[in-house]
Amino acid sequence: MPYDELYPAGVGKAVVERTCVACHGPNFLPRRKWTEQSANAALDLMMNVSGGARERGMITPAMMSPADRQAALAYITSNFGADKPVRSTKVQEYPLDEKVLGRAMTLRDLTTHFLQDLSAGAVERKSLTSTAMGMSGSLGHTPVVDSNQNVWFTVIVGNKIGKWDRAAEKVVALYEPPTKNSYPYGVFVDKNDKLWFAEFAGCNITKFDPVSQDFTEYSPLTKPCQIRRLGMDSKGIVWFGIYSHGKLGKLDPSKAER
Ligand code: HEC
């Protein structure tokens, strides 16, 4: 059904949209039947009321005042309560291209195997564990492959870029960017085998040259910020999503380096 019907106007709608919906998508709430108890438990979990190991809740106090929380609770229980049918927004039918789909599955499999390999290898396992991001159990993040079939990955908590040698089947190098606790996140390899990654907390777009082992950090115009992922177009322009501000950033490395 249409989004606006699923999410009728009301006190609490805006709070729910910028918290639950922003992270979980529009179909998370309407696919369950929420009671006051389960909605409160979810809010406690997301706000890390119990003060568990994850350090910070998914919802920080700055994101939700006590009044906001009351409004969110009322909105969730009255619109997605036990008396409401399970619903979702309309899902568009996409024509399936088997060639593309095949590639998607290969990538997914590579990620899973790679993560398993890493934990079996137990190389610097401690620095590769990223529990503080609420991703307990996941080690390396975002594996990418360079032209020599080396696998590179970011290590969010641990502040590293790592290199996995496929022939040796182990992590052979870890490099640390200049910014402390920068949370290296999305990464890609450009056509010259340079690595580009987003510093999630450091709020930089950073280039790593595997030959000279130099890092170059480019600061976006919006700072501080949180950046998750990035990519490069055919003209060498880096585009990145400033996750914390809903902005799309553009970096021309040829100009910034001049
Ligand atoms: C900043 C992103 C973020 C926001 C905001 C957020 N969540 Fe979550 N939520 C997560 C992540 C990541 C997980 C899984 C890891 C964890 O448990 O922290 C999760 C897990 C959950 C779970 C437990 C897993 C499950 O599927 O049952 C529930 C319930 C939940 N969220 C409900 C909510 C509700 C309700 C809101 C809005 C009031 C909300 N979340 C807001 C990111 C978020």
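Which residues of β6 are buried on one side and which on the other? In this predicted model, local features need a pLDDT of at least 70 and side-chain atom pairs count only at pLDDT 80 or more, while totals for chains, interfaces and linings use all residues. Residues are numbered from 1 along each chain as its sequence is written.

Strand β6 (195–199) has both faces covered, with Leu-195, Phe-197 and Glu-199 buried on one side and Trp-196 and Ala-198 buried on the other. Burial here requires 20 or more other C-beta atoms within 10 Å of the residue's own, with C-beta atoms placed from the backbone; a residue with 12 or fewer is exposed, and one in between is partly exposed. Strands (E, at least two residues) and helices (H or I, at least four) are DSSP runs, numbered from the N terminus. In a regular strand the side chains alternate between the two faces of the sheet.

The neighbours of β6 come next. Strands β5 and β6 pair in the antiparallel sense over 4 bridges, and β6 and β7 do so over 5 bridges; pairing means that DSSP finds at least two bridges between two strands. Towards β7, Leu-195 faces Phe-208. Both connections are hairpins: 5 residues lie between β5 and β6, where Asp-193 in the turn has a positive phi of about 65 degrees, and 4 residues lie between β6 and β7, where Cys-203 in the turn has a positive phi of about 60 degrees.

Together, 4 strands form an open antiparallel sheet in the order β5-β6-β7-β8. Because β5 and β8 (214–218) stand at the edges with a single partner strand each, one side of each is left without a neighbour in the sheet. Neighbouring strands of this sheet are turned by 25 degrees against each other on average, direction ignored.

The largest nonpolar core has 26 residues, and Leu-195, Trp-196, Phe-197, Ala-198, Phe-200 and Ile-205 have the most contacts inside it. Such a core is a set of buried Ala, Val, Leu, Ile, Met, Phe, Trp, Tyr and Cys residues joined through C-beta atoms within 7 Å. Strands supplying at least two residues each include β2 (151–155), β3 (160–165), β9 (227–232) and β10 (238–242). Leaving aside residues up to four places away in sequence, Trp-196 touches Val-187, Phe-188, Asp-190, Ile-205, Lys-207, Leu-230, Met-232 and Val-238; contact means C-beta atoms, placed from the backbone, within 7 Å. A second, separate core of 10 residues includes Cys-20, Leu-29, Ala-39 and Tyr-75.

Elsewhere, helix α2 (residues 13–24) and α4 pack at an angle of about 95 degrees, with their axes 8 Å apart. Axes are lines fitted to C-alpha atoms, for helices over the stretch in contact, and angles run from 0 to 180 degrees between N-to-C directions. That makes α2 roughly perpendicular to α4. Lys-13, Val-15, Val-16 and Thr-19 in α2 meet Asp-68, Ala-71, Ala-72, Tyr-75 and Ile-76 in α4.

Finally, confidence. The chain averages a pLDDT of 80, on the predictor's per-residue scale from 0 to 100. Confidence is highest in helix α4 (residues 66–79), at a mean of 97, and lowest in helix α6 (residues 125–128), at 35.

Notes
Contact = placed C-beta atoms within 7 Å. Parallel < 35°, antiparallel > 145°, perpendicular 65-115°, else oblique.
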